[in-house]
Each structure stands twice: as structure tokens, then as C-alpha cells.
Amino acid sequence: MATRETAREKLVRLTRIERELWSRGEQVAGMDEVGRGPLAGPVVTACIVIPEHKLVEGVDDSKKLSEKKREALFDALVEAADYLEFGWVEPKVIDQINILNATRLAMEQAACGAAGAYFLVDAMKDLSLPGFTQSIVHGDAESYMIGAASIVAKVKRDRYMERLDEQYPQYGFKKNKGYGTAQHIAAIREYGPCPEHRMSFIQKFLPEGWKA
């Protein structure tokens, strides 16, 4: 029977890449994005640097954590970070340059103040960052720093979408965070889009005869 991994064991496992880089004197930054798939709202990225002596236990891929746990970790990670910036690309720009280029732009925005860092990035390649970049597939589950970035980016975007729900309650943004749930798609078909929708994502869901 397999034994359950302790919080300390998980911390050691998730910092394997970071510890090798720290031993070489590198300042390690983690980067991840949230919001590539939704029909509405921005794509948000985070770039975070947490020194080895200030690591917070409990970090993991944000998708594996409950909303309550992410919220608790957000405050602890913000407090521990030596550097934390967010990149933010709005729906209109996503429509203009496509979601892949928008994600690149948001990552470059978030990283611009961390010149000279060693950037660990979840999956993305061909980035113009101010330091060496290592792309790691499923990085939010393999790297502590990428996992930390995934958490703070997720919480930042979720909070924004919850505020949007107050302005556009018909779409259910508080619950769906802009993703294409059945309720959200039905609302687009009934009410048409709002300014926070990505028009390039929702063409097939627009009401018949709808025009901008």
C-alpha cells in the first residue's frame, strides 16, 4: 500500500529543479498563465520569485487545489515573494492577435521587472524574457515556482471574474469564470455578448442575425 506524501516530501519533490538552480546561484522565477480557454475575460499570467528560505508549504498545480486552499496560499505567496507581477491581456486584444500571442504578451509583461532571472515557464516557448528561459511541460505539477505562479494567477483572474458577475449577472461569471459551460453558452444565445466576451471564441454561439 502506497504511503501518502507528506507536505515536506512534496516540497522537496517540487523544488528539485529549483534547488539545482539555486546551487548555481540563480534567481529562479516561475511563470504560468490562466484563462486561455474561456469565452470571456482576460488571459492572466504571473511571474513570481520566492527565495529558498521563504518557501510556503502546500503549493501544487492550482487545478489540484480547492478554491479555499488557493485563496489561503495566495496571501502567503504574496507575502513570501521577492518579486511578483501579473500580465493581463484583455479580450479585444486577444481577438486581434489570437490567444497564443496574447499569452506570450502577458508573460512578457509579467517578467519585464525580473531582468537576469532564470525563468521556469509552463510549456510556453518562443518567449522574449529578460533572462534564460526553460519551458517545462506540465510545469505547474513539476516545479514549485511554476505551481506558485499558477495559484496566484488563478486567484487574481477568478477575483476579477467575480467582480464582473456583479456587472453582467446574466452570464454567471462568478460560477463559470468565463468558461464555456452550458449555462454560459445559453446566456450568450439569449442576450448576446458583453464587452468582456472574446468575439473570436463565440461566433458559433451568437444569436441568429446578431450584429456588432
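The largest cavity in this predicted model has a volume of about 40 Å³. A search of the whole structure finds one cavity of 30 Å³ or more. Rolling a probe the size of a water molecule over the atoms shows where such empty space is left.

What lines the cavity? Helix α1, residues 7-14, gives the largest share, with four residues. By class, the lining holds six nonpolar residues, one polar residue and two charged residues.

Is α7 enclosed or open? Of its 24 residues, 18 are buried, so the helix is largely enclosed by the rest of the structure. Ser143 caps the N-terminal end of α7. A side-chain oxygen of Ser143 lies 3.3 Å from the backbone nitrogen of Met145.

Now turn to Ala187. This residue sits in helix α9, residues 182-191. Ala187 is buried, because its relative accessible area is 3%, under the 20% cut-off. Leaving aside residues up to four places away in sequence, Ala187 touches Gln170, Tyr171 and Gly192.

How far apart in space are Ala187 and Leu11? The C-alpha to C-alpha separation is 43 Å. In sequence, Ala187 and Leu11 are 176 residues apart.

Key:
Residues numbered from 1 in each chain as written. Predicted model: local features only at pLDDT ≥ 70, side-chain atom pairs only at ≥ 80, totals over all residues. Heavy atoms only, no water. 1 Å grid on protein atoms, 1.4 Å probe; cavity = no way out; pocket = protein on both sides within 12 Å on 5 of 7 lines; lining within 4 Å. Points joined across faces, edges and corners; volume = space filled by probe spheres on them. Helix = DSSP H or I, 4+ residues; strand = E, 2+ residues; numbered from the N terminus. Nonpolar A, V, L, I, M, F, W, Y, C, P; charged D, E, K, R; others polar. Buried < 20%, exposed > 50% of the residue type's maximum accessible area, 1.4 Å probe, protein only. Polar contact = N/O pair within 3.5 Å; in protein donor to acceptor, adjacent residues only side chain to side chain. Contact = heavy atoms within 4.5 Å.
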